[in-house]
Amino acid sequence: WVTELIDTEHRILEFKMKSGGSLRLTLNHPILAADGSMKLAEDFKVGEALLKYNGKKDQIISINEIQHFGKVYN
C-alpha cells in the first residue's frame with residue numbers, strides 16, 4: 001500500500017467495461033486478469049477481461065488516459 005504525501009500530477013488509465021462499469025488506475029497498478037495472470041494496468045489492451053466480484057468475466061471496451069491532480073493510493 002503506497003500513499004502520496006502531497007498533491008501531484010498523475011497519469012491515470014480509465015477502463016470502461018462491457019458491464020457499464022469503469023475503473024480508474026495508475027499505470028503501474030497491478031491487476032489480476034481474467035486468465036489468472038498479474039499485469040500492470042498499462043499492459044492491458046481493449047478486448048481483454050477482468051473478473052467481477054461474482055467471478056464473471058467483464059471485457060474492457062475502452063482504455064483512456066486522463067490526468068489527475070491530487071493524491072493516489074496503490
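In this predicted model, four strands make up an open sheet, and their order across the sheet is 2-1-6-5. The pairing is antiparallel. Strand 2 and strand 5 (49-51) lie at the edges, where each pairs on one side only. From one strand to the next, the twist averages 45°. In general, strands of a sheet are held in pairs through backbone hydrogen bonds, either parallel or antiparallel.

**The hairpin**

Strand 1 covers residues 8-17 and strand 2 covers residues 22-26; the two run antiparallel and are joined by 5 bridges. Together, strand 1 and strand 2 form a hairpin, with 4 residues between them. G20 lies in this turn and has a positive phi of about 105°.

| Residue | Partner in strand 2 |
|---|---|
| K16 | S22 |

**Rings and charge**

The structure contains 1 aromatic pair. A ring also takes part in a contact with a charge: the charged end of K39 sits over the ring of F44. The distance from that charged end to the centre of the F44 ring is 4.5 Å.

Notes. Residues are numbered from 1 along each chain as its sequence is written. This is a predicted model: local features need pLDDT of at least 70, side-chain atom pairs count only at pLDDT 80 or more; totals for chains, interfaces and linings use all residues. Side-chain values use heavy atoms; hydrogens and water are left out. Two strands pair if DSSP finds at least two bridges between them. Rings of Phe, Tyr and Trp (its six-membered ring) pair if their centres lie within 6.5 Å; planes under 30 degrees apart count as stacked, over 60 as edge-to-face and the rest as tilted. A charge sits over a ring if NZ of Lys or CZ of Arg is within 6 Å of the ring centre and within 35 degrees of the ring normal. Axes are lines fitted to C-alpha atoms, for helices over the stretch in contact, and angles run from 0 to 180 degrees between N-to-C directions.
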